[in-house]
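Welcome! Take a moment to look over the sequence and turn the 3D view around before you read on.

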Amino acid sequence: MAKVEEKGSAYGSDDQTQDGTVDLKGRPVLRSNTGRWTACSFIVGYEVFERMAYHGIASNLVVYLTTKLHEGTVTSSNNVTNWVGTVWMAPLLGAYIADAHLGRYWTFVIASAIYLVGMSLLTLAVSLHALRPPSCGSGVKLEDCDKRASSFQVGIFYCALYIIAVGTGGTKPNISTMGADQFDDYEPKERIQKLSFFNWWMFSIFFGTLFSNTFLVYIQDRVGWTLGYGLPTVGLAISVTVFLFGTKFYRHKLPSESPFSRIAHVLVAAIRKWRVTVPDDLKELHELSLEEYSKPGKYRIDHSSSLRFLDKAAVKSGPTSPWMLCPVTQVEQTKQMVKMVPVLIASFIPSTMLAQIGTLFVKQGTTLDRKMGPDFEIPPACLSAFVTIFMLISLVLYDRYFVPAVRKYTKNPRGITLLQRLGIGLVLHTITMITACLAERKRLSVIQEKHLYGKKDKVPLTIFILLPQFALMGIADSFVETAKIEFFYDQAPEGMKSLGTSYFTTSLGIGSFLSSFILSTVSNFTKKHTHKGWILDNLNTSHFDYYYLFLAVLTFLNFFFFLVVAKYYVYNADLRGSEGEFAMETLPNKSISALDGTVESKTSLIS
């Protein structure tokens, strides 16, 4: 990782961070010996090993469910996406606990212990004779095996999976947010360093994922599931250890009132006072004193013109309870979270496309010629490595070449805005699904030509015909996923950063559940209204090509919805007014107490 030069000021009050960060004991921290890339190196190191652990389970899970638990195409695919959906939705609870009660560090540490318990139990479930499914022996074909796992064995396996989901609920929304917290937005050099953090964050994710999609998948396919799941468990233990080693370097944001309750207060107050007129003089709106915002971790946000209906919550009329009267800053925090919801909705379909990688894309590969040389067969899930490889390549090229070149013309340090980057990814998703459709049509044409309609007939077509769709998905997600996580963090107000990050995980969770719903609906509908149905347990008589084309149309329509959302989205503290998506991006318009007790405006343009 390229390490940005870090030079701290002389020790003293001038060297203290200005963003309210503290150490674990709640004391102000010095900028020169905490945070920045020194702290982030431990956090990024954790993420490499943790992603190796998670994807060591997720990448090949559909194969385990098919070969060991004997689940069909739709059932196994849906069980994978339902579990993945739970993994990504659980961070909503983790974000709440971190922001309102325990803080990010302790929420993360406790959740990591739960995560490790789940991984250990899963390893035992595929290792111990009493817990693992019975085997028919190496000489018996899968379709001829009549031995099935007991309800107890299946229950233990899924129990372990969902314990992992609970653990990730506390780690996912807090680890990336904690990494971004290591950079002080009120120190120019650190603010610039932070712009590259999420690119390197995604790079670390993809590096760990690449290892799991190649080495671990091969171990699971050729050696066995005991070692294949045992190694990710050890990897997770290493990742937690790496994180704990960096404890003395971390900066921490103090927990505050639950962001959910603060948002609920504003929404309820605005609805209850829907007949109240907002005064022309904004000074008449309720706001806390400047002294209140001089406290560490307190931030004042100036009034904005967006979502004016919510301003009613700050109008002084009637009772003054939190459910009837809210300060302007609290109203603005709510506005910032609410106005991201349309972007969140527009990100559901892209997450559905992402869910195809570990389900139907892998299923396709099981029917093709996987030989590489006379004695080596590539496991189908290994093709997922090409998603990671092309993500890594795309991120490096984007960060090192595209951004500097485009920055000269746009004057934006990011090169292009976050929603523009997301939009490019959505277009690439459509192209990816069309490519997948064409590859599937080629596979079906060979099946028809050779009359290979048996459930276990191998199609004499190289598995690498699927490479373009995996590669394109990797390029697309280097735009989509990086833009999403940075957008939801950057546009969330202080005190709600974990909730903002959980928007990112929520989009992946709902996208996974949506994938299960769409797959089941299309499967059931086409079985009733077409000759055979599009998605069957026998992949050689299925029509994945029709399904991929349907997904291409769906993502294309979603792109037009996204364009409408992007056109009317106004970035925080956009001083040029509501000029839509292509207006400049800015930092939130906030005020923070200076260390000498005075209040100084910290509104800053990024471009």
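**A first look at the fold**

Among contacts in the protein between residues at least 6 apart in sequence, 78% join residues at least 24 apart. Keep in mind that what you see is a predicted model. Its secondary structure comes to 17 helices and five strands, and of the 607 residues, 57% count as buried.

**Two helices that cross**

- Two packed helices are described by the angle between their axes and the distance between the axes.
- Here, helix 11 (residues 348–355) packs against helix 16 (residues 497–529) at an angle of about 65°, and their axes are 7 Å apart.
- Angles of 65 to 115 degrees count as roughly perpendicular, so helix 11 and helix 16 are roughly perpendicular to each other.
- The crossing of helix 11 and helix 16 is right-handed.
- On the helix 11 side, the contact is made by Phe348, Ile349, Ser351, Thr352, Leu354 and Ala355.
- Helix 16 contributes Thr506, Ser507, Leu508, Ile510, Gly511, Leu514, Ser515 and Ile518 to the contact.
- Sorted by class, this contact of helix 11 with helix 16 has eight nonpolar residues, six polar ones and no charged ones.

**Aromatic rings that pair up**

- A search of the whole structure finds 34 aromatic pairs.
- One of them joins Tyr398 and Phe479, with 5.6 Å from centre to centre and 80° between the planes, an edge-to-face arrangement.
- This pair links distant parts of the chain: Tyr398 sits in helix 13 (residues 384–410) and Phe479 in helix 15 (residues 467–490), 81 residues apart.
- Why are Phe556 and Phe560 separated by about one helical turn? The reason is that they are four residues apart in helix 17 (residues 544–568).
- Phe556 counts as partly exposed, at 42% relative accessibility, and Phe560 is partly exposed at 42% as well.

**A cluster to find**

- Which residues form one aromatic cluster? Look for Tyr46, Tyr105, Trp106, Phe108, Phe243 and Tyr250.

Note on methods: Residues numbered from 1 in each chain as written. Predicted model: local features only at pLDDT ≥ 70, side-chain atom pairs only at ≥ 80, totals over all residues. Heavy atoms only, no water. Axes fitted to C-alpha atoms, helices over the stretch in contact; angles between N-to-C directions. Helix = DSSP H or I, 4+ residues; strand = E, 2+ residues; numbered from the N terminus. Parallel < 35°, antiparallel > 145°, perpendicular 65-115°, else oblique. Left-handed = near helix turned anticlockwise from the far one by under 90°. Contact = heavy atoms within 4.5 Å. Nonpolar A, V, L, I, M, F, W, Y, C, P; charged D, E, K, R; others polar. Phe/Tyr/Trp six-rings, centres within 6.5 Å; stacked < 30°, edge-to-face > 60°. Buried < 20%, exposed > 50% of the residue type's maximum accessible area, 1.4 Å probe, protein only.
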